[in-house]
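Let's take a walk through a protein model, one piece at a time. Have the sequence and the 3D view ready.

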Amino acid sequence: MDALLTKAEPAHKEAATLKISGSEILLRCLIEEGVETIFGYPGGAIMPIYDALYSYGDQLNHILVRHEQGSIHAAQGFARASGKVGVVFATSGPGALNLVTGLGDALIDSTPVVCITGQVFAHLLGTDAFQETDVVNTTIPVTKWNVQVTEAKDITSAISKAFYIAQTGRPGPVLVDITKNAQNEMYEFDGYQKCKSIRTYKPKPVLQQTDIEAAAALINSAKKPYILAGQGITLSGASNELIAFSEKTGIPVACTLLGLSAFPTDHPNYVGFLGMHGNYAPNVLTNECDVLIGIGMRFDDRVTGNVNKYAKQAKIIHIDIDLAEINKIISTDVAVHADAKEALVALTATCKQTSHPEWRKQFQALYEIENEKIIQKEYNPKGKLMMGEVVHQLSQQSKGSAIIVTDVGQHQMITSRYYEFKTPRTNITSGGAGTMGFALPAAIGAKMAMPNRPVVAVIGDGGFQMTLQELGTIMQNKIPVKIIVLNNHFLGMVRQWQQLFHNKRYSFTEIQNPDFIKIVEAYSIQTRQVTERHELAAAIDEMLNSTGAYFLEVVVGKEDNVFPMIPAGAAVSEVLLEAPTKNSHH
């Protein structure tokens, strides 16, 4: 045995590479990847990493959250605002399991996040050791990729792969689970190589000019072409390219929920927000266009309504980086499997200069109807304060330049309808998963990423109570984030459905709330409550101009509804402008 060991030793050793712990290797890898901010919560199985972090405080800023779900939503907000990868630390067992909601949210909304979880010692795996759960198998369905590392020598390659996979192609969350022995083990660290490619993973498809020519032929002959812009525009940095394409071809542009802010709302070709509570014209005219161009969007059920009645008259062009999305829900006539930016550059060069004034007038005519029946009543209501006027005031006073982070529910739809987004990456919301509790921690992350931009979280009274412990994170780190809670003492979106489709049987949607002002004041955050219309403008002004964190509670009408609305099972052209006269069941 000894002879074998001796034989394996090199004949002469150069000056030995420094041996450091797996934990320190990890931190050096993160620094090499350009990481500066980490959101996390310590625990037994990740303690060696936190011990190493103690010496790296000048290079890595760790934000201690109050719950692991807060850490991943903060990382999502950081990623969405900056375009960089958000990074999370959590311990084994319950710590790692508390990330699952955020992982699911990040996967469906294409957000690049790298989660590092501690795990029990390798020799204890599978023994039901204290705080042991099979994190890798638990998170397979909600990650783009995950891996367990049981030896220090594998940390470097796992981290470089994780960052490469998280941010290339269609971005998404990645999880690296590191056993405690791998964190403690000493190993020779001889530098860090960023991952440039993986043999079995081709994140960026090669743009096919034949697809571009086929798409251009349809667009050039179209009388009523129409662009649906999704978050893929933002993710590929293609906002300017989309503007150039729309301006050359004269094609109107509507945005999905996550596509909002990719195309400026004050552009003459912008026609509104798509989906269940989107604008009237973009929904109705989906079923009148002759060529529909979906770019970086996935024809989600909230956008399509009843797929059997969706855009049957139109030729469909679908541009997406993720092949799995093409022909998944809506059959395409021309599929362009490509990065949105590359596709738009090629399309703009190939399409002829046109304008479609008559077609655009149809959008304007329908907008006038919506404006008269709904928008003006929201902006200038009688009686109780309405959510729409609050968001409209916020938009006017912030000049559409704030980063707006919304939670999930009526306030989210109202904000998407009435905030006038001007620049990319200013709309951060939970789209595909619809995760209540998202906004407060995500706003923390967005503010950490963009300290010089105003960040405003707009939250409902229900969602706020799911993660309000993160007020502690704001307090401890003095994060000057602005929070508006629209309080209607209801789980408003569910209540709206119960009113319209279940004969006003409000089953467990009325919510008795605590005194929010007292709670927030306990966290040393400046507060104000508004119940009267005449106080609103001054309160928003005070909030936007405050130097620290600020909490504004606005008490709004209890039974206000969001219209337009596409009922479940209805076509996009069957959008309601007001409550149906008799209740129907869906």
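In which sense do β6 and strand β7 pair, and over how many bridges? They pair in the parallel sense over five bridges, where pairing takes at least two bridges found by DSSP. Here, Val147 stands opposite Val176 in β7.

A quick word on the ground rules: this is a predicted model, so local features need pLDDT of at least 70 and side-chain atom pairs count only at pLDDT 80 or more, while totals for chains, interfaces and linings use all residues. Residues are numbered from 1 along each chain as its sequence is written, and side-chain values use heavy atoms, with hydrogens and water left out.

Now zoom out. Six strands make an open sheet, ordered β3-β2-β4-β5-β7-β6, with parallel pairing. At the edges sit β3 and β6, each pairing on one side only. Helix α6 packs on this sheet, touching β5 and β7.

Here are the elements with their residues:

| Element | Residues |
|---|---|
| β3 | residues 61-64 |
| β5 | residues 113-119 |
| β6 | residues 145-149 |
| β7 | residues 173-179 |
| α6 | residues 100-108 |

Next, Glu470, which lies in the loop between α20 and α21.

Finally, helix α24 has Leu536, Ala539, Ile540 and Met543 as its buried residues. Seen down the axis of α24, they fall within an arc of 95°, so they line one face of the helix.

Definitions and conventions: Helix = DSSP H or I, 4+ residues; strand = E, 2+ residues; numbered from the N terminus. Buried < 20%, exposed > 50% of the residue type's maximum accessible area, 1.4 Å probe, protein only. Arc of directions from axis to C-beta. Contact = heavy atoms within 4.5 Å. Axes fitted to C-alpha atoms, helices over the stretch in contact; angles between N-to-C directions.
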